[in-house]
Amino acid sequence: MSAQNLITSDHFYPRDLITDSRLPFEERRRILLDSSSAFLEYHQQRIREEHRAGASGRTIVGNLTSMADTLVRNLYRGVSADLKDEALRSCTLVALGGYGRGELNPRSDIDILFFCSDREKKWAEQISERMLYLLWDLGLDIGHSVRTAADCLEMIEKDITARTALLDSRYLIGDDNLYREFTKQVLGTPIMKNSSAFIREKIEERSRRLQKYGSSVYLLEPNIKEGEGGLRDLHSALWIARIKYKSVSLRDLIIKGVLTEREGEEFESAFDYLWKIRNELHYLSGRKNDQIHFDQQEEIANFLGYRDNRKAPAVEQFMQDYYSHGTRVEHMSSSLIGQATNQEEPGLKIMGYLSRRFVDDGFYVLRGELRVNRENIFVEDPSLMMKAFLLAQRHQVELSFHLKGLIRDNLRRINDRVRRTRAMSETFLDILRHPHGVAKTLKDMHHLQFLTRFIPEFNRIYCKVQHDAYHIYTVDIHSLFAVEEIEKLRRGDYQKKKPLLTRVANDIEKLELLHLAVLLHDIGKGEGKDHSNKGADMIPTIARRMGLKKEDSRRLEFLVRNHLSMAHISQRRDLHDDKLIIQFARSMEMSENLKMLFLLTFADLKAVGPDVWSEWKGFLLIELYEKAYDVLERSDFRLEKRSEKVRNRKKKVVGILEAEFGARTVKDVLKVMGTRYLLSHRSVDIADHIRLILSRRSQPLVMKVEHEPQGEYTQVTISTLDIPGLFSKIAGVMAANGVNIMGAQIYTQSNGVTLDILQVKSPAGEIIDDEGKWQRVRDDLVSVLEGRGRVENLVSRRRGSSLLPKPARPRFSNRVEIDNEVSDEYTVVDVYANDKVGLLYQITRTLKELSLYIGVSKISTKVDQVSDTFYLQDIFGHKVTQPEKLDELKKRVLESLETD
């Protein structure tokens, strides 16, 4: 891209003064600096206003480049006015890199080469020194070098980045003859030679870049320059093509027939789109910045004219378009690179033919790639596109570049009639039921946009964004990664840490149905809220089109409709509630549904992002699965008689402990324990708890810390005498010591002795095995219980030590939901809030002020968002049912969430 040279106005520069060799250089320098400051201030403001008024990305980068050109040329004339003719003949200025391409964004570096003759380098160094100090004083970011032809040639041999920068060079000002020498000696044969090595190095450099900045278009906060689908993808493709085809520009590639006019326009349009966003990003940041952070995404969306609508907020619409554009950029650049690197060597044609391995009618494998033997194969039969994916999967080969191009060119042939053919649907199901390569094949289909043509409903979630901190990928990519998680389970990647999930994954009757459910579980997200039901409502149509049996269609619909239920119940409900477990098991109807939902839930959580899944959540999920599976296998949906169960459990506990403490002592402790506690814990665990309770004697409290490596959490059991707001105080002390509570079971005996069982982790999500920390926790608890310390002070101190700036995240409205149906004994309150130090303490303190007692608490955190659940009773041990009390509860908890 060449600079548009739209800003050539010199009226800011008194030409007669800045070029007056009679004036001392310091005087000319002062005039240059003042003139340049005024020039930049005026034009930078005008260009910014032009940008705000809706100018194209191309217009703005052209004007910024033109402005820089005029500045550099005037500075050159001014600093060289007193130099001899031989000095002027010994230096020429060349723009490099983005400046050379004419692609300056508001905060881009200005890269200048001071090219000089071998014998007169001192003059170029003097000119460069004078200019650079002026440019730095003007606050500009400058990249510079002083080089001879020999220096440039040495650099070309050693440094691919320098060679690439020279490839984008452009004359600015200086001696014309010297620039012609530069063109001949540097830009001619030397820069174009050894093209194979250059292309190979550029491809390796591209891989390293994507590894560093993100090898997916769909990253949460993408890098517009270096990330996949960004500007550097376009640049890399053009550099490789220009070297391969000895071309000087994009236009030259079109003239030589490498690209069509339409493809050239697509490249130009892609640049324009990305430049406009990068311009706004630089203006918002006030500095060079290429990562589109959360807060900036919302501002850019607003600038580009996006507005909230029924289906999605403005920022999600913008990011969906951005990712969709990034996908097209990745396609365009990959295609051009593929075209430049996939030229068949003429000498291998005969040998190549002989080494072909024919795998099906019209298809053969050569050099690890699936190819076709005729151009019109998909015109004759569009369903053979699906066959191509099947063959690549079965033979574990890649689709050739040419075959990918043919599929893209023939996507329009996949209409409703073709979709409904047995050849398409049965081949697709064959792909899904294969034990290997399902996720990779689906990713290839998605990459070529074949998947959205075959399943039009999938197009509704194509590049669909969820603007929060924990959905790392777009909805479509998340769904593909979830399929990959099922494959990892089946091949044993998680065998050591997740043996039950691994075993269940390999015990599924219809693997194709599981893969399809995982692929489609979020398909309703393109329709707005309540995506589970909206997605499930689409399933009968999809199933009919694919020719699924009614039973399979119903199961698929069931899995999509209920894909959130296991995560919700396991993380937010009391798994010791037998009634809840039986109701859930009854809703599963049969164990195969439960198995598939178990696997779908795991894959869904695991594929959201690294900070969403935890072994603790896995532990809860497995507990729910095993309890529900036992009920289904028993085929007995009746509650076991509570009195009989309690009696048997007490008998076992006495048997375990009577040798240590005597039967009477143990029975006395059991007598004051509540029925819910006795039904919720195994006999061996109850025995351990009694040992802890009896060890307290006259101490303020006793505390036992145990580590659970399998669930990657620490369990803390505390026994003390009950006081009002005890759990709130415990929560505050834990927060003050950097201990995150994930779950709590709170029991108060009829004699006033409490037993609180907490599952906790460090802020990094790890087991806390620091004995010193646990001693500090115990000391702080004792201090608070004895009235010597105040929880508020401890929590405030912790907040004060957490003043490091946090990355911008989307903030969501706090929410409180109350459920009086799920439990017979408790009012269940769900609190959704943005996380902060001491949040649980604030909520529990409010509940204490409302004279409400907590029986069970479960805390689920997703990056910066918290979902806290509390099972509550009033002071009489009853549920909260009066409407005015429920309204007050909701109001007060919401108010507590806003308190700092």
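# Briefing on a predicted 900-residue protein model

Residues 24 or more positions apart account for 72% of the contacts in the protein with a separation of 6 or more, where contact means heavy atoms within 4.5 Å. This is a predicted model, in which local features need pLDDT of at least 70 and side-chain atom pairs count only at pLDDT 80 or more, while totals for chains, interfaces and linings use all residues. Residues are numbered from 1 along each chain as its sequence is written, and side-chain values use heavy atoms, with hydrogens and water left out.

**Overall picture**

- The protein has 42 helices and 16 strands; these are DSSP runs numbered from the N terminus, with helices being H or I of at least four residues and strands being E of at least two.
- Along its principal axes, the C-alpha trace spans about 110 × 75 × 50 Å.
- Of the 900 residues in the protein, 56% are buried, a term that means under 20% relative accessible area, whereas exposed means over 50% and partly exposed lies in between (1.4 Å probe, protein chains only).
- The protein exposes about 40000 Å², of which carbon and sulfur atoms supply 47%; accessible areas come from the Shrake-Rupley method with a 1.4 Å probe, and for residues only the protein chains shown count as cover.

**Confidence of the prediction**

- The mean pLDDT of the protein is 89, and 93% of its residues reach 70 or more, pLDDT being the predictor's confidence in each residue, from 0 to 100.

- The 25 residues of α14 should span 36 Å at 1.5 Å a residue, and its end C-alpha atoms are 36 Å apart, which agrees; the expected span is 1.5 Å times one less than the number of residues.
- G286, whose phi is positive and near 70 degrees, follows α14.
- D290 is found in the loop between α14 (261-285) and α15 (294-303), and D290 is buried, because its relative accessible area is 10%.
- The side chains of D290 and R278 are joined by a polar contact of 2.7 Å; a polar contact is a pair of N or O atoms within 3.5 Å, and within protein one must be able to donate a hydrogen and the other to accept it, with residues adjacent in sequence counting only if both atoms are side-chain atoms.
- Leaving aside neighbours within four places in sequence, D290 is in contact with P222, N223, I224, K225, R278, L281 and H282.

**Strands and sheets**

- An open sheet of four strands has the order β5-β6-β7-β8, with mixed pairing; two strands pair if DSSP finds at least two bridges between them.
- At the edges of this sheet stand β5 (357-360) and β8 (398-399), each with a single partner strand, so one side of each is left without a neighbour in the sheet.
- Strand β5 and strand β6 (residues 363-366) pair in the antiparallel sense over three bridges, and D360 stands opposite F363 in β6.
- Strand β14 (residues 827-834) is mostly covered, with eight of its eight residues buried; T827, V829, V831 and A833 point one way, and V828, D830, Y832 and N834 the other way.
- Strand β13 (residues 815-819) pairs with β14 in the antiparallel sense over five bridges, and V829 is the bridge partner of I818.
- Strand β14 also pairs with strand β16 (residues 865-873) in the antiparallel sense, over eight bridges, and the bridge partner of T827 in β16 is L872.

- L113 lies in strand β2 (residues 110-116) and counts as buried, at 1% relative accessibility.
- L113 and L93 are 20 residues apart in sequence and 5.8 Å apart in space, C-alpha to C-alpha.

- Most residues other than glycine have a negative phi.
- The phi of E589 is positive, near 70 degrees, and E589 is placed in the loop between α31 (578-588) and α32 (591-608), where E589 is exposed with a relative accessible area of 62%.
- The phi of R697 is also positive, near 50 degrees; R697 lies in the loop between α37 (683-694) and β9 (701-708) and is exposed, with a relative accessible area of 68%.
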